Every structure is written in C-alpha cells, then in structure tokens.
Amino acid sequence: MMQRLLALVLILLSLPSLAAVRLKDMAQIENISKKQVIGYGLVVGLDGSGDSRRSLMANQSLKNMVKHFGLTLPNTVPMRVKNVAAVMVTAEISPFLKKGNSFDVQVSSMGDAKSLEGGILLLTPLIGNDQQVYGHAQGAISIGGFNIETNGGEKIRQNYALVGRIPGGGILQKDLGTQFSPDSVLYLSLREPDFTTAFRAAQAINQAFRSQIAQATDAGHIKIRIPPQMKTEGGRVQFMARLEEVEVTPDEFARVVVNERTGTIVVGANVTISQVAISHGNLSVEVSAQPVISQPAPFSRGQTVVVPQTQTQVNVQDSKLTVVNQTASIQDLAKALNALGVTPRDMIAIFQALKEAGALKAELVIM
C-alpha cells in the first residue's frame, strides 16, 4: 500500500504545475448539459452473493419477471434464490448523443447482497425527471473488487463490490432534442468557476481569434460574440471547433481528494501544511470463526451438531509523537508524510485531523 502511495506521489511530482488545458476540457456551452436517467432492475448470475429471501424487493420483482414468461408462482411460496439482486441503474447521457448510440451505466445494490461480481443486468428501462423512457440498459457488470464471506463467518474483502459499471451497457432509444443554433452570442460555463481562470480564458480566446469577441462576466461565465462570417450552420460548428482548441492555463486549487472506499489519495501541487506534531495510533479488530463438531455419546439419542467457535483479536500499534515541519512544496509534503510510515488508510484520517486543526492549507474533498 505504501508503494502505491509513493508511486502516486511520484506521478504528481512528474507533472508540470501549470499546464495549459484545452477550453473543451474545462468549460461547456451554457444550458446544454448531460441528461441524468435512472432505472430499477435485477442482476442475475451471482454466485450465491445475491439478496437473501428476506429482501422483499428482489423476490417480488423476480416473481413479476417470470410471470411475463408464462410462469406464475403462488404468492404464498417464498423465493429461495440467492443469485439475484435488486439494483438501481443510473447514467448520464451526452446532450448530442443520437438514437441508437451507447453509453456507460452504473449499477448499485439496493438489498442485502454481498457482491455484484460476475452478475448480468437484465434489460432495464431508464427514465428521466420527466418520467419518459430515454434508453435501456443490459450487460455484464464490472466491479474491480471482490467480497467473500464463508459459512464460518470469515470475510475477505477488496475494494467495494456492491457498485459496478457496464461500459456501453446503455442504448439511447429517444433523441434528447438538443439544438445548437446560437444567433450571435453564446455563453461558456466553467466546470470549476474561478475569476482568474475566467479572465485568462477570455484573453486566450481574444488572442486566438485576433478580435475582442470574449468577455468574462463572472467567475463561471464567458460571453462570446460569434463573428458574422461564421453565423451559418456549418460556420457555427467550425467556430466551436476552433474555440474548443484554445488553450488556457487555469489557476490551480490547493486540494486533497481522498476515496475512502479504495484508499486512493490525490494531493494537488499547491497543497502545504503548517508545522504540527502528529501522533497516530492504529487499532485493528480481527474476528475469525472455526466450526466445531460436537458428537453425542454412544447409544444416546443425541445428534451431531456443528457449532461455530469465534475468536476475537485486538491489536493496538504503538504510536509516537512526530513533529512535521512547515512545507512549502509538494516534494516537502511527500517527504514529511512518508516519514510517518503509515498506510494510505491512516493517511486519510491524518488529513482529516490536519484540516480540523487548521494546519492543512488546502480544501479536503472526500469521495
């Protein structure tokens, strides 16, 4: 785990601190955004890790589904399958995607399933906030992890196995009706609003077109006048293509982003910390279960039973107080954090504590 963190920090150190970014990667046309859709479906083909029979959603949905195929099950008979899970399916559709094109969908468990590994999502309609069906989703789920639980109670888990993704699993069934026909003025909306970045973007556009056609109206909007010779249908597309290629140097935020599900930490180039003293203790609890077979006495009427015997072990690592000097660059910060000799999971708790203490000079984003 420490090697992964060191590799991550080295990647960050190798990147230029102030790199120019294409305008298409940092802004979008105002009022033209992605369409969010949602659907409810069933995942089948799970290896005994699906919803239990206590999950009413999966059981009732499975009965309704098989009824469409001519098989009617009595309501008094409970379903005893473990290979099915009830899920919610979500997606964001590009505004210019056309009917018949595919898009990625995300699948999330709703019941008490243990894992979606190896599952197949059955055909699921996807609706928008206007209750209209815009597409259907179906396919094999990729989760990038596993969650194994034995009958004896032992658990082995890597990453989060209850949320997965189906690349290209959605197919658009209805055009979104997005029209691009600005008359003379259009507005660009920055994905990360910032006054400095907006001003630099307007300057870069004016220099690229050698005309004062762009003006930043606030931290998130840039007003652009379309040149008269490019107001035709084909001219507007040509103008947008040139506009998207304009390179802008954005003002970088000091930000630390952590993902507690995967243990990933990304530290921005402008992040620094004040001089602090850190003491971090690590507590771990390990519970294991072993089946114990109890045999009855000879010629008795007793029965052989299997009783799980659990063992609990608590480990507390020794911790010492360490002084971390004030850092001025990402290199100094990486050296100071690596000197603590902690894992990425511990590092997340340390960053949270540094933020509460006011020593972390950056925004802390937890995914």
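**A chat about a predicted protein model**

Colleague: How many helices and strands does the protein have?

Modeller: The secondary structure of this predicted model comprises six helices and 23 strands; these are DSSP runs numbered from the N terminus, with helices (H or I) of at least four residues and strands (E) of at least two. Residues are numbered from 1 along each chain as its sequence is written. Local features need pLDDT of at least 70, side-chain atom pairs count only at pLDDT 80 or more, totals for chains, interfaces and linings use all residues, and side-chain values use heavy atoms, with hydrogens and water left out.

Colleague: What pLDDT does the protein average?

Modeller: The average is 80, and 81% of the residues score at least 70; pLDDT is the predictor's confidence in each residue, from 0 to 100. Over residues 1-17 the pLDDT is below 50. Where pLDDT is low, the predicted coordinates should not be read in detail.

Colleague: Changing topic, what is the order of strands in the open sheet of three?

Modeller: The order is β16-β15-β23, with mixed pairing; two strands pair if DSSP finds at least two bridges between them.

Colleague: Why is one side of β16 and of β23 left without a neighbour in the sheet?

Modeller: β16 (264-267) and β23 (363-366) stand at the edges and each has a single partner strand, so one side of each lacks a neighbour there.

Colleague: And how many bridges join β15 to β23?

Modeller: Four bridges join β15 (residues 255-259) to β23, and the two run parallel. Valine 257 stands opposite valine 365 in β23.

Colleague: What share of the residues is buried?

Modeller: Of the 367 residues, 34% count as buried, meaning under 20% relative accessible area (1.4 Å probe, protein chains only).

How values were computed. Contact = heavy atoms within 4.5 Å. Buried < 20%, exposed > 50% of the residue type's maximum accessible area, 1.4 Å probe, protein only.
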